[in-house]
Amino acid sequence: MIQLATLFGRTLRQAPAEADTRAAQLLWRAGMIRALDNGEPALLPLGSAVLRRLSHHLTTAIQAGGAQEVYLPTTSTATWPATVSALARREIDSYRQLPQAIWGQRRRKRPQSRQRFSLLELPTPTTLSWAGLARDASQAQALLETTLQHLRHALHECGLTIVADALQATESAPLIVDSASGPLTTLDCPTCNRRAPRELAPMAPPPAYSGPTPAMSLVETPNANTIAALAAYLGIPTAATAKALFFDARCADDRRLVFAVVRGDREASLPKLAAVVGADELVPADEAQIRACGAVPGYASPVGLRDVLVVADPMVTTGAPLVAGANRTGYHLRDVVYGRDWQATLVADITQAEAGDPCPWCGTARIEGRGALIGAITAPQPTALLVQDAEGQNRPLIITGLEIDLEPLLYLVVEQHHDERGIVWPAAIAPFAIHLVTLGRGEAVVAAGHALAAMLQTAGWHVLIDDRDERAGVKFNDADLIGAPWRVVISEKLLAANQLEIRHRTAAQATVIDQSALLTVIGQR
């Protein structure tokens, strides 16, 4: 039993300006979330109780499939498959140990986070991570499907049908759900229903070029130090040029200069590029760094560079002749062909996808959407680890995985379960099942309220008691705002008649019942 008067976290009549969505406003007003001095969110006891109950339901579902828990005490930038592979390398060497499943909760660092501190965009969310280890793809797929089935059921109980539906995915995919205030711009295929964050959406492979390839030649291009100026001066489309981008790529123990090359009519995706080169941060290179590798700002080219990691997008490696810089002020090179005139260190998809680009899987033009990223599914895939099969042959260990970020789920529950008065918590994850309100200043009413709360606690119900010296309207408004499934009222008049007033959070009217019938009535819903 918790008393509202001494609860750490008070209700607010108005949310602060930083709470710019309905769900955030309700969480603030209900005393469930606050911001630290640096803007980071903190869950107060009521919010923490919801997250704890949500986590319990999901971890129970995962354990129902036989998964064993591992504890990961540090914040990680490694992918979950890489983390599991590092553990399995020392523990699994024979098919007799398979299949196995492990799970854990970890703080993971999102790559290229925008450092916004809403529950939907935490830089280091608490992630429920599950992995299946198997001797072959069919065994791994069976593990994954069993776990997804358990999780879908648990999510439905927690009021997260929209998330449960997202777990229908059967291939490796980010888990993205629709959200009225979702921070994520997505690219969605209306035909095959695949979705991806716009910044990470894959591009379809470009067609190979089969036209003429004249010899490379030098051309004077005064004052044409931008793609637009170059295209205008030569009278060519920007798609016929190569765009040069220099970055200082930084990670924990290393720094290096990266030269990214994309087609002139497209933008580079920094998250894609950072993932390709393994950088924690990409900072635009300064002029001194650019000149040190033999390039000239505004007229840079991959031709003839030194001591630089060159990453080329497939759109510039098709064999089509392009105009590129000559690494000489006022000059460019015409008819530069990849493979003949220059080579990249890496060729990788680093182009920013846009609405209208064809889906890589079915070719349909993609459309823009909005949503929230809540995790990822990894379909069964072979690893570099070998295990011995029944015939004594070494076979690749198969891994499959699932990750779900917990804090965004709390936000999404509120977004989907509220009314004009406040939050309407699903019973499975409500911070308290019963909000007990005492009306009147008499000691007998308060004592009866505490005795009733103690009885309910003994019967297994979590109770929040409001015995404050406040008006009935204030208490009722706070009960609706906090959103426990049941409101139970005891007053001097009701006490004298041995009665209680009860109301389910979704009911239009309260009902008066005998005290002896309380457990029966609330146990029926």
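Leucine 346 in β17 is the bridge partner of valine 311. The model is predicted; local features need pLDDT of at least 70, side-chain atom pairs count only at pLDDT 80 or more, and totals for chains, interfaces and linings use all residues. Residues are numbered from 1 along each chain as its sequence is written, and side-chain values use heavy atoms, with hydrogens and water left out.

Strand β14 (residues 309–312) and β17 run parallel and are joined by two bridges. Strands are DSSP runs of E, at least two residues, numbered from the N terminus; two of them pair if DSSP finds at least two bridges between them. The open sheet has five strands, ordered β13-β11-β12-β14-β17, with mixed pairing. At its edges stand β13 (281–284) and β17 (346–347), each with a single partner strand, so one side of each lacks a neighbour in the sheet.

Aromatic rings of Phe, Tyr and Trp (its six-membered ring) pair if their centres lie within 6.5 Å; planes under 30 degrees apart count as stacked, over 60 as edge-to-face and the rest as tilted. Phenylalanine 246 and phenylalanine 259 are stacked, 4.4 Å centre to centre with 5° between the planes. Phenylalanine 246 lies in β11 (residues 242–251) and phenylalanine 259 in β12 (residues 254–263), so the pair ties together parts 13 residues apart in sequence. Both phenylalanine 246 and phenylalanine 259 are buried (under 20% relative accessible area, 1.4 Å probe, protein chains only). Tyrosine 338 and tryptophan 342 have ring centres 4.8 Å apart and planes at 80°, so this pair is edge-to-face. Tyrosine 338 and tryptophan 342 are both buried.

Conventions: Helix = DSSP H or I, 4+ residues; strand = E, 2+ residues; numbered from the N terminus. Buried < 20%, exposed > 50% of the residue type's maximum accessible area, 1.4 Å probe, protein only.
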